[in-house]
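Hi,

Here's the structure I promised to pass on.

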Amino acid sequence: MALALLPAVVEAVYLRDKIPWNARVAESDLVDVATARGWGANVTWIDARPADEFERDHIPGAVSLNEDSWSEGLARFLGNEWLPEKKIVVYCSAASCNLAEDVARRLRKEAKLPNEIRILKGGWEAWQAKK
C-alpha cells in the first residue's frame with residue numbers, strides 16, 4: 001500500500017499548482033458580463049435560480065430553467081426558446097452559487113446541445129453591479 005501511495009503523493013505535490021483543486025468549472029466555461037452583453041441578440045440567457053427569484057427580477061429576455069422543474073422547463077426551452085445559432089449563458093445568484101454550473105452541465109450532457117454554453121461569472125450579482 002505504501003508503494004501505491006508514493007506515486008500519488010509525488011503527483012499531488014508536482015501538480016498542486018497546475019490543477020484548480022477548488023474550481024468546479026473550467027475558466028474557459030465562464031464569461032464576464034461585459035463580454036456576454038457584447039454578444040447582444042446572439043445570446044439566450046438562462047436563469048438557473050429558483051422560480052420566485054426569477055419572478056422578482058431577471059436579465060431581460062432570460063428564460064427560467066432550474067433544477068426544481070427541470071423536465072418541464074427543458075421541454076419548454078427546447079420547443080420554444082432554443083436556437084442553435086445562439087450562444088447560451090447560464091446564471092444564478094452569485095459567484096458562490098452552483099446552480100448555473102449544474103444547469104449548464106445538464107444542458108451539455110442530457111440535452112446534448114451543440115451551442116456554446118457559458119456560465120456568467122459572478123451571476124446575477126455581477127449583472128446588477130454592471131447596470
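Before the rest, a word on what you're looking at. This is a predicted model, in which local features need pLDDT of at least 70 and side-chain atom pairs count only at pLDDT 80 or more, while totals for chains, interfaces and linings use all residues. Residues are numbered from 1 along each chain as its sequence is written, and side-chain values use heavy atoms, with hydrogens and water left out.

Overall layout: the chain has six helices and five strands, running α-β-α-β-α-β-α-β-α-β-α from the N terminus on. Helices (H or I, at least four residues) and strands (E, at least two) are DSSP runs, numbered from the N terminus. Of the 131 residues, 37% count as buried, where buried means under 20% relative accessible area, exposed over 50% and partly exposed in between (1.4 Å probe, protein chains only). Among contacts between residues at least 6 apart in sequence, 71% join residues at least 24 apart; contact here means heavy atoms within 4.5 Å.

The five strands form an open sheet with parallel pairing, in the order 1-5-4-2-3. Its edge strands are strand 1 (30–31) and strand 3 (63–64), each pairing on one side only. Two strands pair if DSSP finds at least two bridges between them. Strand 1 and strand 5 have two bridges, and Leu-30 has Ile-119 as its bridge partner in strand 5.

(Axes are lines fitted to C-alpha atoms, for helices over the stretch in contact, and angles run from 0 to 180 degrees between N-to-C directions.) The buried residues of helix 5, among them Ala-100, Val-103 and Leu-107, pack against strand 2, helix 4 (70–81), strand 4 and strand 5.

How do the two helices sit? The axes of helix 4 and helix 5 come within 13 Å and cross at roughly 60°. They are therefore oblique to each other: angles under 35 degrees count as roughly parallel, over 145 as roughly antiparallel, 65 to 115 as roughly perpendicular and the rest as oblique. At this crossing, Trp-70, Leu-74 and Phe-77 in helix 4 meet Val-103, Arg-106 and Leu-107 in helix 5.

Two residues I'd point you to. Leu-99 is in helix 5 (residues 99–109) and counts as partly exposed because its relative accessibility is 30%. Leaving aside neighbours within four places in sequence, Leu-99 is in contact with Ala-48, Arg-49, Pro-50 and Cys-92. Leu-99 and Ala-48 are 51 residues apart in sequence, yet 5.8 Å apart in space, C-alpha to C-alpha.

The other is Ser-64, in strand 3. Ser-64 counts as buried because its relative accessibility is 17%. Not counting residues up to four places away in sequence, Ser-64 touches Asp-47, Phe-54 and Arg-76.

Cheers
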